[in-house]
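Have the sequence and the coordinates open as you read.

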Amino acid sequence: MNYRFKNLLGAPYRGGNAILSNNTQLLTPVGNRVSVVDLVKSETVTLPCENTKNVTRIAVSPNGTLLLSVDEEGRCLLINLHRRVVLHWISFKNAVRAIKFSPDGTLFAVAIGKLVQVWQTPGFKKEFLPFQLVRTLKGCHDLVTCLDWSPDGQWILAGSKDLTARLFSLNPIDGYRPILLLGHRHPLVGVFFKVAKNRRDVEGAYTISKDGAIFNWNFYPATDEKQWKTASFNHSQIAVNRREANSNDLDKKRKWEDEDEEVDAAVMINPNETAKTLNPGNETLNSTEARKGSVNDITGKKKKKKTHNDEPQIDSTGYQSHLGSETEGNEKQTVGIEELDVSMSKDGRQEPAQALHKGQWELLKKDFFKQSTNLTACDYHLELDLIVVGFASGIFGIYQMPDFTCIHLLSISRVKITTAVFNGLGNWLAFGCAKLGQLLVWEWRSETYILKQQGHYFDVNCLDYSPDSQLLATGADDNKVKVWTVSSGFCFVTFAEHTNAVTAVHFLPGNHALLSASLDGTVRAWDLFRYRNFRTFTTPSPKQFVSLAADQSGEVICAGTLDSFEIFVWSMKTGRLLDVLSGHQGPVHGLTFSPTNAILASSSWDKTVRLWDVFESKGVVESFSHTHDVLTVSYRPDGKQLACSTLDGQIYFWDPIDGQLMWTIEGRRDIAGGRLMGDRRTAANSSSGKCFTSLSYSADGSYILAAGRSKYICMYDVAEQVLLRRFQLTSNLSLDGVLDFLNSKGMTDAGPLALIDDYDSDVEGGLDRQIKGHLGYGLPGTATNHGRPVVSTKCLRISPTGRSWAAATTEGVLMYSMDDSFVFDPTDLDIDVTPEAVDVALSQGRHLRALILALRLNEASWIRKCVVSVHPKDVATTAAGVPPKYMRRLIEAFAEYLEGSPHLEFLLQWCQELCKVHGHTIQQHCKDYLPALRSLQKSLTRLHQDLSDTCSSNEYLLRYLCTPSFPN
């Protein structure tokens, strides 16, 4: 029962930036976790590390080892991607809009509000203060939205909502003020450095705004100090004088704004002259004089002392007219900076190798994407000089810079693209649509899809394992049925024929067909070979189905209704309606067939559980009454026990043969969850949600899992009626019902602070407000928490092998698997049973004794070593001497070994001999051996599929190799 979190399936992408790491790994936020998709192996894994709230920004180090995940409130986790463990954490105390590692990975920059903070990347060792603030870059007058590092890691380009981009220096430079790149009329979405092709020097930048404008900036380094002393001018003071001269004339002010765009195209900054300002008494210079370079009067004045009038000011264009030295107040924050790639100036100051502050920045070209909607995502590939942009209409484009040549302009959806990113090689593009929960990876040269995954963007209602535990089917409120491969976590088929919410799914024996029931009044059968709907079961009048079951042969299909309280029975072969079972006086929410006979058990809200003989048409065989509504029912795998849960939080265990109540479990205290935002009572005093809505027996029937509208899943020992373990689904505070006690600081006269609608003006057209259900607030019957998701579990299933279980929760399908890698569980251990004794027996050729000692040690590595050491001719003799009490452990070892061993024929020979010799014992104790046999079947089925696929794809090559060659 050592279950650990394994994966998260069916969870949609809800926002945040995506990253393509190591060219083949796609990382995306999924709730408060991060999902990693291996695009080569076609596998997806969700990291077990959890943030406090939903993740909004992620960043990966250049070597692909470290991951930074930041949630809505600015709490950041530093995760080791290879080990999947949290190394350190820090709280930035505010929302983070952008985060990025430096090119060498030693630093990372974070955009927090109007500031850009540079932090030192912690190492792998334990430290008291792992995060050290290196520098805080100020100067932006609105929220910083994007940033980029220069290739040498010495400069940071930051874009802001104040319509400007600022060039910050990582190392303090005396008298340097950030260079401003102006001209945009909307907030910036992306800023990127561009470099020369033959060297790694910065030759300019690209700035992209929300209205679809892209500005191409060129940088011209100063080669002669005397030459650019003569050509430099103080642009900010010109803007101040313009504002003073034209403050009372609106028309002239607008004229100056238009002229500013021309002047802003060529801004030259000299750090040696930045402290020199104009005399306020001088005559105001116009833009024509500035463009002619009449700056002798500017640079010829004496250096003036800083007065109160020299405070930072903003002119009408948003240009900061007078900034103080960027190094003021930051000397203490530069401790610990590695002064890499720097040079010494004439006055002894350290300066970056490429002095971007010494030279001229010129606006080379303006281009526009000319789309009717806002630009929402963009990315730039440095080596290929390509830019990809995504729009709110679902259109994306790829452009070759600097010529602005459109390579592709396509539409992937009708909703907003929230993220677009290149991989390292530049051949793959990743797109994300938060509204649809869709992720795409596209190879733009061949125009083919590498990945196209979409989770359930509404709640998952039901799930079911295939008989061999390799597949998992899910149904949700989005009217779709998805089938997932458990080992890889990939969805390989989606059925969308239902027109209403899917309420139940069920696999038929053989893994070849799947059943699904829906509120649209149909039960559909799906072919998993041809991926089509081959049978549809309906009723004479429309009904709403909420439960589904099939007998062991798969010939009889039963479905329970929500409105008419009846059970409908169909034939799978003919599709005809065979019978209608009446008798319940409430919705039939639970249906299950006995594993050993044709008895159907049904549970209803009329406080009864009824047993039906479907084949004999005898109607109700037995009826079990309860004091409260019965919510679900489940059979034990051997068919000798029946479990059901009621509305008062109790689990009843019945003997279906004798019709006697065996015992009950009181689970109200165990399932009690957290307090909702709108609850007037505390979690302890509230009666809502204290019941189990889903039950599932283990493969051997020794324990049972129970879940409901709570953040917990309880595991009970059936024989002892005790709580063995309680799993907490999530710690995501973005969901309602996670906290047991609410903070009184969040309570206001208008209600909880978290439920007050803070409408974001950046949301386009108010469309998101309608989607979120804001229009229905205050109406009778609406949610008291304003549509905030409530943590709960709607369905729960244990795999037939007993090695894993899955739960359909608010965040998606949580999968837990048994982890035996660190568990030492020997059997019949005494002083003589040691690894040294196993080695001695193997050296003496006593393979049977060595195998028995290894089985008593219960160590997988020693068991494999003993099995491989047996000669193929001695397999039959050794298998016959294995005691029956060790057979189950040996079968489990073969099931694990078959998944990665190249000795396929040898292991199959072992399995055949064990079945021949011990077949009678296995049959007599089938209940004990069933989980191990199903695990073995799962491994053999997977190997069979891999071999069949390989042979079918190389059929003609195999024929050629098998053809005998004839001499000429």
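Before going on, a word on the ground rules. This is a predicted model, so local features need pLDDT of at least 70 and side-chain atom pairs count only at pLDDT 80 or more, while totals for chains, interfaces and linings use all residues. Residues are numbered from 1 along each chain as its sequence is written, and side-chain values use heavy atoms, with hydrogens and water left out.

Back to α9. Helices (DSSP runs of H or I, at least four residues) and strands (runs of E, at least two) are numbered from the N terminus. α9 is mostly covered, with eight of its eleven residues buried; buried means under 20% relative accessible area, with a 1.4 Å probe and protein chains only. The buried set is His847, Ala850, Leu851, Leu853, Ala854, Leu855, Arg856 and Leu857. These residues pack against α8, α10, α11, α12 and α13, where contact means heavy atoms within 4.5 Å.

The largest one has 38 residues, and Val838, Leu851, Ile863, Val867, Leu890, Phe894 and Trp910 touch the most other members.

α12 gives the most, with eight residues. Leaving aside residues up to four places away in sequence, Phe894 touches Val867, Leu907, Trp910, Cys911, Leu914 and Leu936. There's also a second, separate core of 22 residues, including Phe5, Tyr703, Phe727 and Ile798.

Now for a hairpin. Strands β6 (residues 55-60) and β7 (residues 66-71) pair in the antiparallel sense over five bridges; pairing takes at least two DSSP bridges. Ile58 stands opposite Ser69 in β7. Five residues lie between the two strands, and Gly64 in the turn has a positive phi of about 75 degrees.

Zooming out, the chain has 15 helices and 61 strands, and 53% of its 968 residues count as buried. Of the contacts between residues at least 6 apart in sequence, 52% join residues at least 24 apart.

Terms used: A nonpolar core is a set of buried Ala, Val, Leu, Ile, Met, Phe, Trp, Tyr and Cys residues joined through side-chain atoms within 4.5 Å. Buried means under 20% relative accessible area, exposed over 50%, partly exposed in between (1.4 Å probe, protein chains only).
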